[in-house]
Amino acid sequence: MTSTPEKTTATTPALPRYGQMLGPEAKGILVLDEFTIDPAAARKEQHRFRDGMAAVALTMRRIAALRIVIAIVAIGNLPLFLLSSGWWIYGVSLTLVVAVHAAVTWLNRHEPRLKQRSALELHKHRESSANYRKVRDAVKYMIDTPARMNEHLYLELLAAKRVALNLAHGTVALLDTSDDAAWKVRIVRELPAAA
């Protein structure tokens, strides 16, 4: 009978799944991902993303303001009807009720289209941006919905050059702009020191 030789395992420490350990001088910093982005494109995209987000926010505010106006007209109709006398008030009240109903029906039908139209421009910027896709792909494993990672994180990274992605795990996105030809982004995590 021949016995199969047992496999020997090296005593090297297991590498992390998403990255590699830096040297001892890094003091327990784990690099989850590292990539470069185009500085010229990032500077242009910063304005486009901000404009797109502002357009979406403006549309939402307009829809909310329209709903408030409709509610005020509907509520104001009741005292007008109760405190006035004469047959003409029935005509005015009926007109207001029909107008409010028509406005609410129109808004309910068109609100998704209005939101979609305002969000479409932002979506175009998002999908055409290679820089944005790199950042999104680098952090998608650590957030619930990659699509929500979003413009805010991307803009904060470009503005602050350091963004805490997950405070519980000490994960941070770092932007190094020392090389003006290609900015380096690192997603790093600080490992707790052994007790």
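User: Why is N131 called buried?
Analyst: In this predicted model, N131 has a relative accessible area of 4%. Buried means under 20%, and 4% falls under that, so N131 counts as buried.

User: Where does N131 sit, and what is it in contact with?
Analyst: N131 belongs to helix α3, residues 130-139. Leaving aside neighbours within four places in sequence, its contacts are I37, D38, A41, A42, E45 and Y154.

User: What makes the N131 and D38 pair a polar contact?
Analyst: A polar atom of the N131 side chain lies 3.0 Å from the backbone nitrogen of D38.

User: How do you know whether α1 and α2 run roughly parallel or antiparallel?
Analyst: Helix α1 (residues 39-83) packs with helix α2 (residues 88-128) at an angle of about 170°, and their axes are 10 Å apart. Angles over 145 degrees count as roughly antiparallel, so that is what α1 is to α2. As for the residues of their contact, 25 are nonpolar, seven polar and five charged.

User: What makes β2 and β5 a pair of strands?
Analyst: Pairing takes at least two bridges. Strand β2 (residues 29-37) and strand β5 (residues 183-190) have eight, in the antiparallel sense, so they qualify. F35 stands opposite V185 of β5 here.

User: And how do you know that β4 pairs with β5?
Analyst: Same test: at least two bridges are needed. β4 (residues 171-176) and β5 have six, again antiparallel, so they pair. T171 has R189 in β5 as its bridge partner. The two strands form a hairpin, with six residues between them.

Notes: Residues are numbered from 1 along each chain as its sequence is written. This is a predicted model: local features need pLDDT of at least 70, side-chain atom pairs count only at pLDDT 80 or more; totals for chains, interfaces and linings use all residues. Side-chain values use heavy atoms; hydrogens and water are left out. Helices (H or I, at least four residues) and strands (E, at least two) are DSSP runs, numbered from the N terminus. Axes are lines fitted to C-alpha atoms, for helices over the stretch in contact, and angles run from 0 to 180 degrees between N-to-C directions. Angles under 35 degrees count as roughly parallel, over 145 as roughly antiparallel, 65 to 115 as roughly perpendicular and the rest as oblique. Ala, Val, Leu, Ile, Met, Phe, Trp, Tyr, Cys and Pro count as nonpolar, Asp, Glu, Lys and Arg as charged, and the others, Gly among them, as polar. Buried means under 20% relative accessible area, exposed over 50%, partly exposed in between (1.4 Å probe, protein chains only). A polar contact is a pair of N or O atoms within 3.5 Å; within protein, one must be able to donate a hydrogen and the other to accept it, and residues adjacent in sequence count only if both atoms are side-chain atoms. Contact means heavy atoms within 4.5 Å.
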